[in-house]
Amino acid sequence: MSYKYKQHGKILITAMIGTVAGFALSIFLYTYLPNFKPAGQVQAAPNESEIQTMENFQNSFRKVAAETLPWVVEIDTVQVTTRQTLPGNGFPWEYFFGNPEQDGDSDPDTQEYRSSSLGSGFIVERKKDTYYVVTNNHVVGDAEEILVKLDKGEEFEAELVGTDERKDFAILKIESPDKDLPVAKLGDSSSLYVGDWVLAIGSPFGFKSSVTAGIVSALGRQNGPDGNINDFIQTDASINQGNSGGPLVNMKGEVVGINTWITTSTGGSIGLGFSIPINNVKRTIRDFIDNGEVKYGWLGVSIGDAPAIIAEEFDIKGKKGAFVYQVFNNSPADKGGIRPGDFILSVNGTAATDKNHLTRMIGDMRPGDVAEFVLVRDGRQMSLQVNITERETEEEVRKMNNLAWPGVSAFTVEKELLERLELSDDIKGVFVADVYPKTNFQIAGIQAGDIITGINGNKVENLKDFYNLLAEIGDDRFYLTFLREGMEMESPKMKRK
């Protein structure tokens with residue numbers, strides 16, 4: 001058959017397929033979609049059943065909004081900073097444009113500046129005339145003045161009860177001896193499913209008592225701002241500046257989340273809002289209200305997720321958990337036998353999905369609890385029992401960095417790195433990316449950029465060798481061999497702190 005007739009045949013077959021498909025689509029539309037009308041024809045009005053369904057759906061939103069708005073609050077804060085006035089002929093830009101207020105009793109060479117901000121929150125509990133209000137830590141910050149405003153316009157001066165920086169959580173208290181105030185109902189954030197309807201309530205850009213609706217877009221989102229250790233509920237309910245600290249509620253009017261942050265390219269909502277699951281902070285709320293403080297468990301490790309290269313090297317590919325990069329000397333982990341290079345799978349029978357989940361599980365333990373850790377070490381699964389102690393403040397924990405063992409961030413030397421450093425491709429060892437100050441390895445003279453090739457005369461060919469040889473040191477003295485700019489060097493002998 002010639003090319004011409006082949007083409008005609010293809011055209012004929014294509015036309016026949018199109019005709020049949022169009023006919024089938026028409027039958028489907030007129031058979032299964034009785035209200036469907038072609039363009040230009042009048043759309044059939046919804047029947048009574050459809051109207052009733054839409055009204056019931058609308059009334060559900062009305063009911064939730066009416067029940068929740070009375071216990072949602074706007075939080076106005078004032079932060080006061082004092083700065084030295086500019087001497088000589090320096091031009092005081094901030095004096096003219098920074099809204100200064102001079103304190104008559106202050107040092108004449110200093111100037112007081114007041115900056116205001118706002119957020120949202122909700123009343124979570126009542127004890128006699130005292131009411132407790134939940135919000136975000138970043139809403140209250142270092143505020144010296146905090147004002148809580150209710151939906152109906154009542155205003156109360158608030159006092160900060162406590163904060164948790166790692167969870168971006170704060171709790172305030174107000175006094176209302178003359179009037180009973182409504183209190184929120186807390187739901188169960190673990191019962192949420194993707195697709196569930198939710199409402200976000202708060203004061204976006206100062207528009208108090210705003211309600212927006214959407215669905216749960218995703219669960220378990222990670223990597224919040226400023227080191228926030230929560231997993232997050234993602235929602236397309238509109239969240240904007242000023243919504244922070246306000247509640248995310250389900251269709252029962254129960255709080256399932258605390259609206260905390262957004263991802264945006266415009267500064268406004270683009271449907272990517274994130275809320276702290278309420279279950280993450282229930283214990284924190286209880287401790288602050290009952291005891292005025294919260295005590296967290298401390299293990300004494302520096303953990304992270306395992307990148308592909310480490311997962312391959314340590315036989316943990318496909319496993320969920322957290323990799324132990326550092327163990328603090330004399331910490332519960334150290335005393336309990338946990339080592340750098342271990343991969344923690346679970347705690348007390350609950351699987352650790354990632355580093356943040358493990359951090360939350362440990363933090364929610366009580367000081368004095370005994371925890372069973374299941375981990376992978378050198379390809380073998382094992383369990384250890386560790387006595388959990390009380391976690392110090394963030395400032396105190398940061399001061400402990402000098403106790404980190406080994407106190408270096410290192411990874412196995414790869415061929416690409418050797419090429420970049422113009423070193424022989426037969427060199428084996430671990431490349432030191434960072435050294436913690438005042439740790440054993442810094443005192444031993446190790447610097448970022450060094451390649452550690454041996455410990456106590458034993459060869460280090462990769463990160464697994466490195467961690468295994470560290471475990472053998474114990475209380476004995478040790479020394480390191482390493483390369484620096486291609487030159488082989490040796491550290492003095494020293495003891496682990």
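The chain exposes about 26,700 Å², and carbon and sulfur atoms supply 50% of that area. The model is a predicted one. Of the 497 residues in the chain, 43% are buried. The secondary structure comes to 12 helices and 30 strands. Among contacts with a separation of 6 or more, 61% are between residues 24 or more positions apart.

The open space in the structure can be taken next. The largest pocket holds about 730 Å³ of space. Of the 26 residues that line this pocket, Arg166, Val301, Ile303, Thr359 and Arg391 are the closest to its centre. Four elements each supply at least two residues of the lining: β14 (297-298), β15 (301-304), α8 (355-363) and α9. Helix α8 gives the most, with six residues.

Threonine 359 is found in α8 and is one of the residues closest to the centre of the largest pocket. Is threonine 359 buried or exposed? Its relative accessible area is 19%, and the limit for a buried residue is under 20%, so threonine 359 counts as buried. The side chain of threonine 359 reaches the backbone oxygen of lysine 355 at 2.8 Å. In an α-helix there are 3.6 residues a turn, so residues three or four places apart point the same way. Leaving out residues up to four places away in sequence, threonine 359 touches Arg166, Ile229 and Ile303. Of these, Arg166 and Ile303 are also among the residues closest to the centre of the pocket.

Apart from neighbours within four places in sequence, glutamate 392 is in contact with Val397 and Met400. The C-alpha atom of glutamate 392 is separated by 9.1 Å from that of glycine 297, although the two residues are 95 residues apart along the chain.

The search of the whole structure finds two cavities of 30 Å³ or more, and the largest cavity has about 90 Å³ of space. Its lining consists of Phe314, Arg339, Pro340, Gly341, Asp342, Arg377, Asp378, Lys464, Tyr467, Asn468 and Ala471. Which element gives the most to this lining? Helix α12 does, with four residues.

Helix α12 covers residues 463-471, and its buried residues are Leu463, Lys464, Phe466, Tyr467, Leu469 and Leu470. At the N-terminal end, α12 is capped by asparagine 462, with a side-chain oxygen 3.2 Å from the backbone nitrogen of lysine 464.

Strand β4 (residues 145-149) pairs with strand β5 (residues 155-157) in the antiparallel sense, over three bridges. Valine 148 stands opposite phenylalanine 156 of β5. The two strands form a hairpin with five residues between them. Within the turn, glycine 153 has a positive phi of about 110°.

Definitions and conventions:
Residues numbered from 1 in each chain as written. Predicted model: local features only at pLDDT ≥ 70, side-chain atom pairs only at ≥ 80, totals over all residues. Heavy atoms only, no water. Buried < 20%, exposed > 50% of the residue type's maximum accessible area, 1.4 Å probe, protein only. Polar contact = N/O pair within 3.5 Å; in protein donor to acceptor, adjacent residues only side chain to side chain. Pairing = 2+ DSSP bridges. Contact = heavy atoms within 4.5 Å. Areas by Shrake-Rupley, 256 points an atom, 1.4 Å probe, with all protein chains shown as cover. 1 Å grid on protein atoms, 1.4 Å probe; cavity = no way out; pocket = protein on both sides within 12 Å on 5 of 7 lines; lining within 4 Å. Points joined across faces, edges and corners; volume = space filled by probe spheres on them.
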